[in-house]
Amino acid sequence: MNSRHFLYVSLVLAAVSALALAAQQSSTPATQPTKHSAALKQAAQPQDEGERIFQQNCARCHNAPEGFSPRISGTIVRHMRVRASLSQHDEEQLLRFFNP
Amino acid sequence: MLRMTLGFKIRASAHIIRLFLFALAVLASAHRGAAQDTPLISGGVGFFNSTNAGNTSYIPIFEPLLAAPLGQHVLVESRAALLEFVSPKGGNQSGYDHSHFIGLTYLQGDYVASRHFTIVAGDYLIPFNTYLERLSPIWIGNFQDGPIIANLNFSSSGSGLGGMIRGNAMQRSKYSIDYNYYYSARSANEQFSASRGSGGRTSLYLPEQRLEVGLSYYRLLQGTHENFYGTHVWWEPKDTAFRLRSEFARGQHAEGYWVEADYRTKAFRGLESAIGRIEPVFRMQQTFRLDTIASDGLPSVNTQRADFGLDYNLPHNTRIITSYARQFSASGNRNVWETGIVYRFLSPAWKGKHP
């Protein structure tokens, strides 16, 4: 198989996979989250503004950590504000989500 | 080769020890009073194995990240890379060759001046496109190797030394726009090497569509002044764990793109089920040489590469990363096999009472 054919096959496979996966919208109920651990799992449906912001901004780049101490929640949010260019509103809502 | 192709600053030096002592001093002097603002230590520790065109290497790697708030508006943050590179000796010799590298990835201070305006000073990752700033940590990337166009490095270190302004320019319910602009001085310092240049990036994010589109620009202001352009498109359909990321970059003498897709299914008891933890990944990338001048980090001939990955997200922030890639170019085709495991840690810098 030459390189051109290989690339075509790869692209077709990728396109088919993407369409199939995107079409497979989740119908499975999400698990109920609890703060600081399961709350950060991506399976959860948005419950409030902070969680929605978390899923839209933080989870866009990385998997959520399984849990962390509430003592560093402010540090994490400030780091994310700089790195993800969060607005002040997003920062406040995210901090509220981490510390209800 | 891992990380060295990603624009990371990986240089053996005893200076790094002093710099980390400095960072620890910052941690120690950080504001202890705020209950949620305790300095943190995060990062990843991993072990990678790679066989590239028949050449095998083993890389234990440690990437710590420190972040320490100072008062209500300042954050000092730094990341470093420590790794050992081990490979079998050639020429029918027994045993292994090895070398180690220690280097700062960045060390910066952030001052949140207002709701739309943050000032960054120090040694920062150049925010050209998205890969280097967002996806390069070992506990984030879906593949061991970064995309080839991450080597379109106008700065050999991938970082700038100077200042940056950034923030959220505008936010509405339907969209938000963020920006950054930076200027870097020239530096030949071992830990803070940088090229003189300036650039910026702006991104539009549509939260309902989960779509982000951005434009990047950089102008090299030393030697032969050159312009670099980039664009990125990210899309994550709502209520799925499917992510599509892509970048295009064009320099004076070469250009290229990559497209990456990854997916986790929720169909079998959610993402935390045994099947939901499986994450197939695919990346397609091409680079094109525009002329015969190979002053950038891209291959000297047109190159195509397809990466097929299968990652597994274990409990306790541990991730197995595997991939196979086939690369085509006029200089020779090759197979690249990679496996690795990464543990991500995240904790306060010291023990204390919960708020």
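Residues are numbered from 1 along each chain as its sequence is written, and chains are lettered from A in the order in which they are written. In this predicted model local features need pLDDT of at least 70, side-chain atom pairs count only at pLDDT 80 or more, and totals for chains, interfaces and linings use all residues, while side-chain values use heavy atoms, with hydrogens and water left out.

Visitor: What ipTM does the model score?
Guide: Two scores are given for the model. The pTM is 0.83. The ipTM is 0.84.

Visitor: What mean pLDDT does chain B have?
Guide: pLDDT is the predictor's confidence in each residue, from 0 to 100. In chain B, 88% of the residues score at least 70. Residues 1-12 of chain B stay under 50. The chain B average is 89.

Visitor: Which element of chain A has the highest mean pLDDT?
Guide: Chain A averages 69, and 53% of its residues score at least 70. Among its elements, α1(A) has the lowest mean, 52. Elements here are DSSP runs, numbered from the N terminus: helices are H or I with at least four residues, strands are E with at least two. The highest mean, 93, belongs to α3(A).

Visitor: How many contacts beyond four places in sequence does the model have for residues 19-35 of chain A?
Guide: A contact means heavy atoms within 4.5 Å. pLDDT stays under 50 over residues 19-35 of chain A. Where pLDDT is low, the predicted coordinates should not be read in detail. For residues 19-35 of chain A the number of such contacts is 29.

Visitor: How much area do chain A and chain B bury between them?
Guide: The contact takes 49 residues from chain A and 81 residues from chain B. Buried area is the accessible area (1.4 Å probe) that two parts lose on being put together, summed over both. Carbon and sulfur atoms carry 55% of it. The total is about 5400 Å².

Visitor: Which residue of chain B meets A:R78 in a salt bridge?
Guide: A salt bridge is a side-chain nitrogen of Lys or Arg within 4 Å of a carboxyl oxygen of Asp or Glu. The rule finds 4 salt bridges across the interface of chain A and chain B. For A:R78 the N to O distance is 3.6 Å. The partner is B:D37.

Visitor: Which helix supplies the largest share of the side of chain A that touches chain B?
Guide: Chain A and chain B have 25 residue pairs in polar contact, both residues at pLDDT 80 or more. On the chain A side, α1 (3-23), α2 (49-58), α3 (73-83) and α4 (88-98) each supply at least two residues. The largest share is 9 residues, and it comes from α3(A).
A polar contact is a pair of N or O atoms within 3.5 Å; within protein, one must be able to donate a hydrogen and the other to accept it, and residues adjacent in sequence count only if both atoms are side-chain atoms.

Visitor: What separates A:E49 and A:R52 along helix α2 of chain A?
Guide: The side chains of A:E49 and A:R52 meet in a salt bridge at 2.7 Å, N to O. The two are 3 residues apart in the helix, so their separation is about one helical turn.

Visitor: Which residue in the hairpin of β9(B) and β10(B) takes a positive phi?
Guide: Two strands pair if DSSP finds at least two bridges between them. β9 (residues 211-220) and β10 (residues 226-235) of chain B run antiparallel, joined by 10 bridges. The hairpin has 5 residues between the strands. The phi is near 60°, at B:G223.

Visitor: Which residue of β11(B) stands opposite B:T231?
Guide: β10(B) pairs with β11 (residues 241-250) of chain B in the antiparallel sense over 7 bridges. B:T231 also stands opposite B:L215. In β11(B), the residue opposite is B:F248.

Visitor: How many bridges join β14 to β15 in chain B?
Guide: β14 covers residues 303-314 and β15 covers residues 318-329. In their hairpin, B:H316 takes a positive phi near 65°.
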